[in-house]
Amino acid sequence: MRAVLDALGARPAAEDRDDAALGLAYRSALARRRLLLVLDDVRDCEQVRPLLPAAAGSLVLLTSRRRLEGLAVTHHARLITLAPMALDEGIELLERRIGPERVRAEQACAEQIVELCGGLPLTLALAGTRALMRSRFSLASLAAELREGLRALSSRDARTDASTAFRRSYDALSAGAARMFRLLSLHPSHEFTLRAAASLAGSDLRTARENMAELADHHLLEEVAPDRYTRYELLRSFAADLSADADSNEARSTACARMLEHYLYSADAATALLTPHRRTVILPPPRPGVRPQEFSGRAEAADWIVSERFVLPALDRSLGHHPQGDTFGRQLKAMLMMPIPPDPC
């Protein structure tokens, strides 16, 4: 408030030292003006509520890593979520950084860099700068480094280091959401369901939904459909580094086992609806904390199998974490690769 009043030439009186008097002076100064007030990198709603003009006629533009839904409730704020850059936008950014000739000479690699950066302006700017500083290196070499994880974009500048930027969002999480974020790095796909996340964490569905909502609020993942989420590959790499430091090998191994059993028992439930005559294996009860998918009918079961088939190859690589990995792998593959019969209804 003092900074804004000073910028307006309305320095508060010496006695306006307490919050109430300062707030009154601030609101009075803004009420007489039409202002565009820009508040950048807002932490949460409470940080900026006292700064919002009470009188009509001014416009406040906020930027934040969070969604600030509370301001839409209390101040009728218009919420605008900025989507990642599209492929052509990312290519344009790279061209501005390193020149169109270099991008066009390795167009496919440039597109890989945009995809690996998740279309995020900060990471793309870092990648472009890295390519500019290493002008003799191919874009293919930069893409290969990016596939190894977030360390390829490390910077000595705290303002532009990608890990530092992600860390600010992570440090604002509750303990439960932070643990969920770390364990989600063990999931082999960029997309997953609420029940798969709950199984990884070994939590009940209500707690899992609260944690996932908190992660979405901080833009550490995105809900693309009801109870289905996605995240950027660089965020997965960041979460994997955090998990390696914070979670024990036993905790990570147990989480992987719960995830694998989630898919096994979900596939078994789908099989029971779609091809009950092919069920030849009676599974033992799942371990505590596993939340298999539940289906109301054949259509839901078929949709689930179609949407999850792309996870199968990655799950095969993860089966070594489970003591019955070979057996579960054969059963899971048979279930998910089965032909889906048409619904007679």
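Predicted model: local features only at pLDDT ≥ 70, side-chain atom pairs only at ≥ 80, totals over all residues.
Leu 61, placed in strand S2, is partly exposed, with a relative accessible area of 47%.

I turn now to the interior. In soluble globular proteins, nonpolar side chains tend to be buried together. Here the largest nonpolar core holds 68 residues, and the members touching the most others are Ile 113, Phe 181, Leu 184, Met 212 and Leu 215. Helix H15 (residues 249–274) supplies the largest share of this core, eight residues. Beyond its neighbours within four places in sequence, Leu 215 has contacts that include Leu 173, Met 180, Phe 181 and Leu 221. Another core lies apart from this one; its 15 residues include Tyr 26, Leu 39, Val 42 and Leu 71.

My last topic is charge pairing. The whole structure contains 18 salt bridges. Arg 96 and Glu 92 form one of them, at 2.8 Å from N to O; because they stand four residues apart in helix H5 (residues 87–98), about one helical turn separates them.

Asp 227 and Arg 209 also pair, at 3.1 Å. Asp 227 lies in the loop between strands S4 and S5, and Arg 209 in helix H13, so this pair ties together parts 18 residues apart in sequence.

Glu 308 meets Arg 228 with the closest N and O atoms 2.8 Å apart. This pair links helix H16 to strand S5, across 80 residues, and both Glu 308 and Arg 228 are buried. Finally, a network of salt bridges links Arg 66, Arg 67, Glu 69 and Asp 217.

Methods: Residues numbered from 1 in each chain as written. Heavy atoms only, no water. Helix = DSSP H or I, 4+ residues; strand = E, 2+ residues; numbered from the N terminus. Buried < 20%, exposed > 50% of the residue type's maximum accessible area, 1.4 Å probe, protein only. Core = buried A, V, L, I, M, F, W, Y, C linked by side-chain atoms within 4.5 Å. Contact = heavy atoms within 4.5 Å. Salt bridge = Lys/Arg side-chain N within 4 Å of Asp/Glu carboxyl O.
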